[in-house]
Amino acid sequence: MSDISNNNGPSGAQIIIKDLWKVFGRDPKRVLRKELREKSKDEIQKKTGCILAMRNINLEIQKGQFYILMGLSGSGKSTLIRNLIRLVNPTSGNITINGENITKMNHDQLLQFRRKTFGMVFQHYGLLPHLTVLDNAAYGLKVRGLPKGERYAKAMETLETVGLKGWEDYYPVSLSGGMQQRVGLARALTNEPEILLMDEPFSGLDPLIRRQMQDELVELQDKLQKTIVFVTHDLHEALKLGDRIAIMRNGELVQEGTPEEIVTKPADAYVEEFVRDASPAKVLTAGSIMEPPKVLLYAWEGPKTALTLLRSNKRNAAFVVDKNHILLGVAYDKALEKLLEEQKKPDKIPQAILKKITTTTEDTILEDLFPIIKAAPYPLPVVDEKGKLMGVVTTDQIFESISPLEGVNHD
Ligand SMILES: Nc1ncnc2c1ncn2[C@@H]1O[C@H](COP(=O)(O)OP(=O)(O)OP(=O)(O)O)[C@@H](O)[C@H]1O
Ligand SMILES: [Mg+2]
């Protein structure tokens, strides 16, 4: 087969889906003709007997992204994810992965590409009942022809990663649903795929186990940084896991964006219905609501200037930064006055009189700010990884931004 280059296409995305259509039924291409292509899914079905599963889908997925597909039953999520490995072939359109147009690959190229690039985890674990946990986890490597020692060593490693050490010699039947799904995940990871495809992997699990699996997947993804395409019906799962979410309806892509965009700016009534139960506190971040501080003191301007600035703004304290905008702490008027009374008159605000305070980062969700803000008397400073002050968040801002968009009673 031709060498699969690592060029991710001109747009830089790892997966590029362009004008993708899937119609099931006899002579499906006729549905793409002018007189039918704009018709509703129902109408197409009535006129032709064909089922429209995807209509003109365009989207891009970047390397390392956790990408969620959501939508009601029958909206085309599974069809889309299966198209990515051509378990289903598109009726029209192109899919480019790592710069390779997979819609143009022949059978052998496709087999090799699938094995090398993808790991797949399904809702119904799909384990082989007559194989042990270890053999199930090592299955993909066996197919690839790796020697036994090597594939077992790798499978042991991934089983440990998913928390199944000690279960290698058991058969799937003796494992709980959550554990079986871990084997499914281990099997996918053993191949060291670049891209993980997960079609409702946690839907069959009890809520508690499900949440635990989500947490573990978040942790795992932190380490692995794979590209993950993940189908779910569950909004909270989507918000917790996803970097981006695509919402489908009747085979069409209705909205695509970050969890925050989807929750705060639903494109239409359908999406609105989906996100109705979403708590903004779980998606809005400190970075999205922070404001510049009302008064900011610069250490090098000295205590006299600082005190004047505080007085003219009628404040008794403010944040102090250095020349690189690194947050040094909070200066109180009392401490500044005392310093000046002592006749020391340093030309810089000395570090010793500054009070250290709790900070937060731009990507912290509001829900995680509640306990901090409760304990802090001042606005909460938001800093970057170097300690640079990016903005401040106040209790008022937090409560304003999480109050429901509608439902305000003006009576
Ligand atoms: N093999 C097939 N033959 C005919 N129609 C199909 C086939 N697979 C899917 N469809 C149809 O395509 C549409 C999209 O189905 P798909 O399975 O992709 O939906 P989904 O969003 O994954 O739904 P669910 O949430 O129920 O899994 C549906 O109308 C379905 O009936
Ligand atoms: Mg499905």
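In which sense do strand 11 and strand 12 pair, and over how many bridges? Select residues 317-321, which make up strand 12, together with strand 11: the two run parallel and share three bridges. Strands here are DSSP runs of E, at least two residues long, and helices are runs of H or I, at least four long, numbered from the N terminus. Two strands pair if DSSP finds at least two bridges between them.

Before you click on, know that this is a predicted model, where local features need pLDDT of at least 70, side-chain atom pairs count only at pLDDT 80 or more, and totals for chains, interfaces and linings use all residues. Residues are numbered from 1 along each chain as its sequence is written, while chains are lettered from A and ligands numbered from 1 in the order written.

You have an open, mixed sheet of three strands, ordered 11-12-13. Zoom in on Tyr298: it sits opposite Val321 of strand 12.

Next stop: residues 333-341, helix 16. Helix 16 packs on the sheet and touches strand 12 and strand 13 (contact: C-beta atoms, placed from the backbone, within 7 Å).

Finally, jump to ligand 1. Pick out its surroundings, including Phe24, Ile51, Gly71 and Lys77 (a residue is near if its C-beta atom, placed from the backbone, lies within 6 Å). Helix 3 (77-83) and strand 2 (51-61) each give two or more residues to this shell, with helix 3 supplying the largest share, three residues.

Terms used:
Contact = placed C-beta atoms within 7 Å. Axes fitted to C-alpha atoms, helices over the stretch in contact; angles between N-to-C directions.
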